[in-house]
Each structure stands twice: as C-alpha cells, then as structure tokens.
Amino acid sequence: MTNEPLLEVNSLTLDYHLAGRKMRALDRVSFSLKKGQVIGVAGESGCGKSTMGLSVIGLLPQIAKIPRGEILFEGEDLLRKSQREMDEDIRGQKISMIFQNPQNALNPVFKIGTQMTDFLRFQQMNQKIKKRSSKKQLYEMAIRQLEDTGISDPRERIHNYPFEFSGGMKQRVMISMALSSQTSLLIADEPTTALDMTIEAQILDLLVKLKAKYNTSILYISHNLGVLSQISDQIMIMYAGRIFEMGPTSIVLGSPRHPYSSALLESLPGRHTKGKRLLSIPGYVPSLDQLPSGCSFHPRCPFAEDECSSITPELQMVSSDHWSACLLDQRRGRQKWKWI
Ligand code: SF4
C-alpha cells in the first residue's frame, strides 16, 4: 500500500427523483482510498453502500442525480466524464465491479471461454491496441486468468457452460475478468453473500492474494463485519446515506465510538458471544422518503437525548484517523454503549 490516494470522494450527495419526489440517498459522503488499500463499507441493507459503489463506477439509474460532490479518480473527476469516456477509459478497464450473484453476470448460453475471450477482445478494442491478440492468444490469456483464480483444469474448464460451474467458481470467473486488465480499483458488492462459509473464506483468500499481486485497491461492500474484519484496512459504517463512523479496522471494531457501529458488532455471531444473546437492533432502517430529523438513527437509539432529534451530527475526528458522527460521543468523549 502506498500513501498516494487513488480515489477521493468529496461531499458526494445523491438524490433519487421518483414520481415528483426527491429522496436523498447519499449525504455528503467523503473518504479517500489509497493505492493497494481495502476499505470495507458496512451497514444494513438500504444504508447507501451499493449506491455509493455504483456512483463511483458510474452505473446509476436515470432517476439518480448528483447535485454536488466530486469523485476524483487518479486526480480526475469521474462526474465530469461522459458515458463514452467512462466506457472506453474507466469502466471494466481501470475500475471494475463484482456483484453478489455471479449467475446473473454470466450468459447461460455461451461457454465460459467465449465470454472471457469476448471481454478481453472488447478491452483491447477500448484500449485502442493496434496489434490485437489472435483468438488462440486470447484463449491462452483466459486460461492463465482462470489459473490465477485457482480453478483446476482450466484448459478443460474453459469449454464449460456457466451451469457446469458452482457458485464459487462463477465468482472466481467474475473476479478473474474484473482483474483482467489494468484494474486499479475493484468494487466488490457483497461478493460472498450468496456463497456458503467455506467458499466465502476461499474467495476472501483469493481477493487478498490478487490484491497483493496487482496492488489493486478494493472497496468491499458487505453487511457482515466479520467478513470485513478479514480483508479491510479501514472500515466505513454507513446509515441512511451518511457515514456514521470511519477509521482503521482494528480501532473501529475494537473500540467503536458510534452506537450504531457498536450495535452492528453486538449483533455479530462469534466465539466471544457463545452462550450470550445476540442483539437485534430495534426498528428498521428508515425509507429514503421518510428520513428522521436530526440524527437519522435517533428513533432506534436507546441512548438518544432531546437534541438528537433536532441536531444533525457531523462526522468529526474523535482520535487519530478515527471519525464518528454521534452528538453524545462528541460532547462527552468516549462512551460505553451498553446495548444488552
Ligand atoms: Fe444516538 Fe444521539 Fe448519538 Fe444519534 S446522536 S447515535 S441518536 S446518541
């Protein structure tokens, strides 16, 4: 990992416009990702994690509008790039994304090798490489990629159809395609959620190995803090489109400053919770068109005081490189949030 920032997101604000209503999905999200660094993005479903990932790669639906903010990638604001520039220079070239269900990303009627070589050909076209590889060379490249991701007998397997691959193998194919060019940023959106635990561990090992090999930066989105603890250098906790806490993984998970982070940890099954009741956070994540005033977590927070429903807490540095957005924590210093 180097100190050079690869991605800098500044005050990113995003609204969904639907049926005459405006719903704020991201509110002044700011963070910086260094080369070779992994940031884990956590929070319950509907907190804005995926929207943030899709904003970076420019795959938002038409109803999404970004009234302010910037997404600086290698120093250039991606929000100022045209769709054509994003297609030709960025998406699938320098920034790639993998999703929860690899089944949906592979075409069931084409063999794995055909899909991988088509993608490699498409990348070479976009990179405007004059001397393009032959079909045989593309197949050799695809076989090497499969080998890289630990798929056995890649020379045989490349002639299989997606239905002949398990879920874990399909995700390996997607990872190999995502990292097949000069990808410097991988956005992984719940890539192991649909897989069983042993396969999940293998995919995490694979990502760690490939990250070390290619010095790729990763934005790893997951609702599971246990998974993030294994792969992330930094953790970012999101709620209702805002960052609630951010800092080095060991510090955020070891000494969380925000009640929401503390609740997510208390609801995590693990050895230390053996024989103990797991926390179920009361209430629900608010819908975007009914965000509570003040701290958006206040209707679910047992520690809330009067000011919490009227004052919106800003993200503030609470210790070196550690940021939190809780009014009580900021005013009174470190609190012990006793959820159970
Ligand atoms: Fe709870 Fe208030 Fe802190 Fe929000 S600001 S997390 S409601 S104590």
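A residue counts as near a molecule if one of its heavy atoms lies within 4 Å of that molecule. This is a predicted model, in which local features need pLDDT of at least 70 and side-chain atom pairs count only at pLDDT 80 or more, while totals for chains, interfaces and linings use all residues. Residues are numbered from 1 along each chain as its sequence is written, and side-chain values use heavy atoms, without hydrogens and water.

**View 1. The shell around the ligand.** His258, Pro259, Cys295, His298, Cys301, Phe303, Ala304, Cys308, Cys326, Leu327 and Leu328 surround the ligand. Nine residues of this shell are nonpolar, two are polar and none is charged. Here Ala, Val, Leu, Ile, Met, Phe, Trp, Tyr, Cys and Pro count as nonpolar, Asp, Glu, Lys and Arg as charged, and the others, Gly among them, as polar.

**View 2. Helices H4 and H5.** H4 spans residues 112–126 and H5 residues 135–148. Helices are DSSP runs (H or I, at least four residues), numbered from the N terminus. The two axes come within 9 Å and cross at roughly 110 degrees. Axes are lines fitted to C-alpha atoms over the stretch in contact, and angles run from 0 to 180 degrees between N-to-C directions. H4 and H5 are therefore roughly perpendicular (65 to 115 degrees). Their crossing is right-handed: the near helix is turned clockwise from the far one by less than a right angle.

**View 3. Helices H7 and H8.** H7 covers residues 167–178 and H8 residues 197–214. Their axes come within 10 Å and cross at roughly 15 degrees. H7 and H8 are therefore roughly parallel (under 35 degrees). The crossing of H7 and H8 is right-handed.

**View 4. Helices H4 and H7.** H4 packs against H7 at about 20 degrees, with the axes 10 Å apart. This pair is therefore roughly parallel. H4 and H7 also make a right-handed crossing.

Conventions:
Helices (H or I, at least four residues) and strands (E, at least two) are DSSP runs, numbered from the N terminus. Angles under 35 degrees count as roughly parallel, over 145 as roughly antiparallel, 65 to 115 as roughly perpendicular and the rest as oblique.
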